Every structure is written in C-alpha cells, then in structure tokens.
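Subject: Structure handover

Hello,

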There are 2 protein chains.
Amino acid sequence: DAWAGRRPEPRRPSGLTEQVVATFDHAPDPRTGRLLADLVRHLHHFVTANDVTEDEWRHAIDFLTRTGQISSATRQEFVLLSDVLGVSSMVDQLTNSRTPDTTPSAVLGPFYVEGPPEMAQGADISGGLHGTPLWADIRITDLDGAPVPGAVVDVWQSNEDGFYDVQLPDLDGPVLRARLRGDADGRLRFWSILPSEYPIPVDGPVGRLLEAAGRHEYRAPHLHFMITAPGFQRLVTQLFVAGGAYLDSDAVFGVKEALVVDYVPRNGPAPDGRRVDGEWRSLEFTFRLAGHRPAVHTEE
Amino acid sequence: DAWAGRRPEPRRPSGLTEQVVATFDHAPDPRTGRLLADLVRHLHHFVTANDVTEDEWRHAIDFLTRTGQISSATRQEFVLLSDVLGVSSMVDQLTNSRTPDTTPSAVLGPFYVEGPPEMAQGADISGGLHGTPLWADIRITDLDGAPVPGAVVDVWQSNEDGFYDVQLPDLDGPVLRARLRGDADGRLRFWSILPSEYPIPVDGPVGRLLEAAGRHEYRAPHLHFMITAPGFQRLVTQLFVAGGAYLDSDAVFGVKEALVVDYVPRNGPAPDGRRVDGEWRSLEFTFRLAGHRPAVHTEE
Ligand SMILES: [Cu+2]
Ligand SMILES: [Fe+3]
Ligand SMILES: [Fe+3]
C-alpha cells in the first residue's frame with residue numbers, strides 16, 4: 001500500500017526467523033520449545049508483514065513496561081489487556097467450552113481475589129451497599145440433571161455504580177464477593193444486589209489502547225461464578241442480565257447467549273420471608289458441570 | 001499430535017477472532033487500527049494453533065508482569081526479551097539495513113543510557129578500569145567516501161569482566177560510555193579497553209526463558225556506536241571482535257558479517273605517543289552513513 005511504498009524495499013529475507021527458531025530446538029521441555037518457536041514465527045511475521053517501524057517498536061516496549069508496572073496485588077493490567085484483545089476469551093473457549101451440554105464458561109476477569117470471605121446459605125453478600133435487592137436461587141447439577149452436593153461457589157460482582165470492592169479504597173474489607181457452599185441437594189441461595197454495566201479500568205495503558213482503537217470500555221452487567229465440586233471440572237463463568245446494556249459489544253468479549261439470563265423483577269415478600277420495600281429481582285439458574293477429564297499436559 | 005488428542009476436539013471456530021478484529025475498524029488513526037487488528041489475528045492464531053492451555057496463559061501473564069516490574073530507569077527487560085526473540089534485530093533490519101552501501105546497523109541493546117558524558121578527541125573513556133588498552137581510530141564518511149564533519153558519536157561497552165557500568169552499583173557515575181565528536185575531517189580517535197564477551201542479565205524473567213529454552217546467555221564481544229550527523233540517517237551499530245567467542249550464537253542475534261572487525265594486537269608506542277606497557281589493540285574502522293530518506297509515517 002501507499003505507506004509501505006515510502007520505505008525502500010527490504011532486502012531479501014535474511015533467514016533471521018529460522019535462525020531464532022532453531023535456538024529452541026533443544027529446549028528441555030519440548031512443549032515449551034514448540035510454543036516459543038511458534039511465538040517467534042508469529043511475532044516475526046507480524047513485524048515483517050506490517051513493516052513495523054522503530055518508533056512503533058519503542059512504543060510497544062513502553063506500553064508493555066507500563067502494563068507490568070501498573071499491575072499489583074489487586075490490579076492485573078496484563079489480564080485486562082488479554083481480555084480486551086479477546087485472547088482470554090479464546091483460551092477460555094479452547095479450555096472449557098468443548099462439551100455442548102455443560103454450562104458455558106466465561107473469562108475470569110481481572111477482579112477475582114483468591115480466598116473470598118466464607119458466608120452461609122441465605123446470607124447477604126452485598127455488605128449493605130445500596131442497590132436493587134437480588135435473590136439468587138442456584139442449582140448445581142451434573143450432565144444428567146442430578147444434584148451435585150457440597151459445591152464451593154465463589155461469587156463476585158460490581159456495586160450499583162459499577163465498581164468492584166478492590167477499586168474502592170474507602171471500603172473496609174471485601175464486599176460483593178463471597179465463598180458460599182451448595183447444600184446436599186446442590187442448591188444455593190443468597191442475597192445480593194443487581195449488578196450494573198461498568199467500565200473496565202481505563203486509567204492505565206489498556207485505557208490508552210481502547211482510546212487509540214476508538215472502542216468503548218463497558219462490560220455488560222453480570223455476576224461472576226467460580227464453582228468447584230469433587231469429581232467435577234471447575235466452572236468459571238458469568239451470568240449476564242437479559243436486557244442489560246452492551247450485551248452486543250462487551251469490552252472483553254465475555255457474552256455467550258446461553259449465559260444471558262432473566263433477572264426477574266418482583267414485588268412483595270421474598271422467598272425467605274425477608275421484607276423488601278419496592279422492587280427486587282429474582283435470579284434462578286442451574287449450572288451443569290462436566291465430570292473430570294484426563295490430564296491435558298502429558299507430553300509425547 | 002498426541003498431545004492435542006488428549007483434549008476433546010474444539011467446537012467449530014466461533015468467529016471470535018473476526019469479532020475482535022472488527023472492533024478496530026474505526027480507530028482514529030488507521031495505521032494503529034491495522035496494527036492492532038493484525039496483532040489480534042496473530043495472537044489468536046498462535047493460541048488456537050497451539051491449543052494454549054489456561055495454565056500456559058496464566059504463566060504468560062505472570063511472565064509479562066514480572067518483565068514489566070523488574071524494568072527500571074537502568075534496566076529494560078522488555079527490550080531484552082525483544083532482543084533474545086530476535087524481534088529487535090528484525091525491526092532493525094527493516095528500518096536500517098536497506099541500503100547495501102551503508103555500514104549495517106545492529107540492535108541498540110538494553111544498556112544504552114541517554115545523555116552520556118561528553119568527552120574530547122583522544123580521551124580515554126575507560127575511567128581507568130583494568131583491561132587491554134584499545135586505541136580506536138574511526139572515520140565517518142558518506143556513501144561516496146567523503147568525510148562527514150562534526151558527527152556526534154556515542155560509544156558504550158562492557159568492562160573486562162563483561163559488565164556495563166549500570167550493572168556495577170559501586171561505580172561512581174558513568175564509565176565506558178561517552179559522547180564524542182568527529183572532527184572536521186570526519187575522524188575520531190579515543191582510548192578505551194578491549195571489550196569481552198558477556199552474559200546478558202539472567203537474574204530476571206528473560207533468564208528463566210533462556211533456561212527453559214536451553215539457550216546460553218552470552219553476547220559476542222563488541223563496542224556499541226550511535227552516530228548522528230546533520231543531513232544523515234542515524235546509525236546504531238556494533239563492532240564485533242574478530243575471533244571472539246559466541247560470534248555464531250550471539251544471544252541477541254546482533255552479529256552481521258560486515259560488523260566483525262579486527263582489533264589488531266600491537267606493542268610499542270601508541271599513535272598519540274602514549275606509552276603502553278605490553279600489548280594493546282588497534283581498531284580502525286570507517287562508518288559509511290546514508291543520507292536522509294523521506295519521512296516514513298505519513299498515512300494515506
Ligand atoms: Cu501469525
Ligand atoms: Fe466483572
Ligand atoms: Fe552490548
């Protein structure tokens with residue numbers, strides 16, 4: 001194209017790519033060697049096909065450096081970068097979405113925190129934060145619909161204004177995140193508040209990237225779930241609010257049709273007898289877990 | 001292959017890649033949009049072709065994060081990563097090596113520091129560090145061999161043990177790096193010491209990568225040069241010591257045949273009258289600079 005025409009023609013291919021690729025021939029772990037070699041092929045191909053300039057290279061170095069440096073115990077900018085490039089969603093599809101009968105998975109996202117506070121059946125995980133009350137009535141089954149007892153269920157979400165607790169320095173400790181347990185019948189009920197759409201953090205390098213791409217930064221409203229149960233594959237997923245904003249342009253490509261669910265508006269007394277003033281929402285959903293599959297990492 | 005066979009077949013392509021690519025269609029700067037779109041294509045292709053697992057993805061996120069966090073004003077681990085993957089050398093080839101009559105360029109490397117100390121013709125840039133004395137007699141010409149007057153020449157190198165000053169916390173200020181000026185005849189003479197092969201820094205993530213690849217970390221011995229002169233393209237290059245170690249397996253793929261030069265062993269008085277006890281080396285080299293080319297960044 002016109003742009004490339006401004007630079008003198010490159011000399012014939014130098015063999016550099018194959019020279020670099022060959023240095024991975026004797027990696028102690030063959031899988032590692034193959035991954036690095038193929039990464040080099042793709043990177044070199046990207047650089048040459050696009051005739052990447054030194055300025056652009058320098059910009060990329062600087063971008064990656066800032067992305068690492070803004071990351072911390074509670075902020076993972078590289079996960080966010082992977083998310084907005086659809087890479088997380090692609091890895092997720094390869095890993096988790098191969099059995100059509102299970103509940104589809106969705107990306108972990110940057111806001112999961114290991115070891116959320118343990119809470120009891122029926123608890124309110126909102127920590128008293130303002131919002132439309134949400135009653136969740138969850139069932140966890142196997143592929144035949146039989147209840148899976150004793151599942152460990154981590155739930156996390158943003159508040160009414162679209163912030164996670166780790167983004168709110170004034171909060172004292174975790175809220176809107178909890179570790180709950182399904183009962184012997186695979187059932188789990190809890191209170192929270194209705195999640196809202198929210199911007200991913202755009203005060204860092206990923207925000208500059210979205211700006212340069214002319215893209216918005218909003219995620220469709222959702223609740224995060226991570227479900228583990230003995231004998232079953234872990235399920236990491238999200239339940240999106242049907243009718244919510246940005247369902248067709250989610251900034252991190254997390255929406256799958258089977259995960260868009262009615263959060264039904266209700267009035268009057270709640271199932272557990274709680275008196276609610278005004279509207280509340282009811283979420284009923286059944287998660288279908290897959291059994292364990294053989295280990296995937298064995299080599300040759 | 002056998003490995004892939006252990007995982008259930010992926011469902012048919014989901015269209016995710018094209019969905020992500022489409023989000024770059026309206027980037028304010030079209031070049032940026034094309035680069036990001038093509039980057040996404042290559043990343044997704046890499047991930048799917050290699051069936052990258054969640055564990056591997058997590059490892060990559062962690063690796064990139066550590067690479068950013070170890071970087072500082074005097075250490076650029078992403079440049080080093082780019083170097084050991086041959087990406088820097090590829091960008092260098094695309095940018096600088098298109099005119100066969102100029103001195104070839106070589107990568108900048110991670111140890112250049114902006115604004116080195118200014119020193120006079122004939123100075124010794126070694127700061128008195130131990131080593132084999134090296135007398136450099138440099139000429140700077142245009143493509144016709146006519147002298148280029150008044151060039152600004154930054155020189156930097158490792159010490160006899162293979163360390164750059166920024167790696168030696170006990171040193172007080174910069175040594176073995178200087179900003180010199182060619183005279184009106186395009187000539188520049190200075191003293192230093194003979195450079196030796198050296199390991200790139202392997203106490204960070206790039207060191208782990210080389211380990212995992214089963215690769216050594218040594219660079220062939222060289223002097224770095226950055227030459228700027230009004231009316232000419234900047235030349236960043238390295239002069240390698242003929243007969244030195246690792247010339248055929250330089251860890252950052254910097255060696256080009258035309259840059260391998262004799263550092264001639266000598267005895268007796270030096271050209272400037274300095275008395276040297278024992279052997280010293282003499283480096284004579286002519287840098288041939290290219291004239292300016294038109295700007296390369298103009299769009300459509
Ligand atoms: Cu590719
Ligand atoms: Fe979220
Ligand atoms: Fe060097």
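B:Glu279 is partly exposed, with a relative accessible area of 37%. This residue pairs with B:Arg281 in a salt bridge, the N to O distance being 2.9 Å. B:Arg281 counts as buried because its relative accessibility is 18%, under the 20% cut-off. Please note that the model is a predicted one.

In chain A, A:Arg281 and A:Glu279 also form a salt bridge, with their closest N and O atoms 3.0 Å apart. A:Arg281 is buried at 18% relative accessibility, and A:Glu279 is partly exposed at 38%.

Another salt bridge joins B:Lys256 and B:Asp92 at 3.1 Å, N to O. That pair links distant parts of the chain, 164 residues apart: B:Lys256 sits in the loop between strand 8 (235–241) and strand 9 (260–261) of chain B, and B:Asp92 in helix 6 (residues 87–96) of chain B. Both B:Lys256 and B:Asp92 are buried.

Salt bridges also link A:Glu54, A:Asp55, A:Arg58 and B:Arg234 in a network. Over all chains, the count is 36 salt bridges.

Helix 6 of chain A (residues 87–96) is mostly covered, with 9 of its 10 residues buried. Among the buried ones are A:Val87, A:Met90, A:Asp92 and A:Leu94. What covers them includes helix 5 (77–84) of chain A, and from chain B helix 2 (16–22), helix 3 (30–49) and helix 4 (54–70).

As for domains, chain A is divided into domain 1 (2–52) and domain 2 (86–288). The C-alpha centres of these two domains of chain A are 41 Å apart.

Regards

Terms used
Residues are numbered from 1 along each chain as its sequence is written. Chains are lettered from A and ligands numbered from 1 in the order in which they are written. This is a predicted model: local features need pLDDT of at least 70, side-chain atom pairs count only at pLDDT 80 or more; totals for chains, interfaces and linings use all residues. Side-chain values use heavy atoms; hydrogens and water are left out. Buried means under 20% relative accessible area, exposed over 50%, partly exposed in between (1.4 Å probe, protein chains only). Helices (H or I, at least four residues) and strands (E, at least two) are DSSP runs, numbered from the N terminus. Contact means heavy atoms within 4.5 Å. Domain bounds come from an automatic or database domain assignment. A salt bridge is a side-chain nitrogen of Lys or Arg within 4 Å of a carboxyl oxygen of Asp or Glu.
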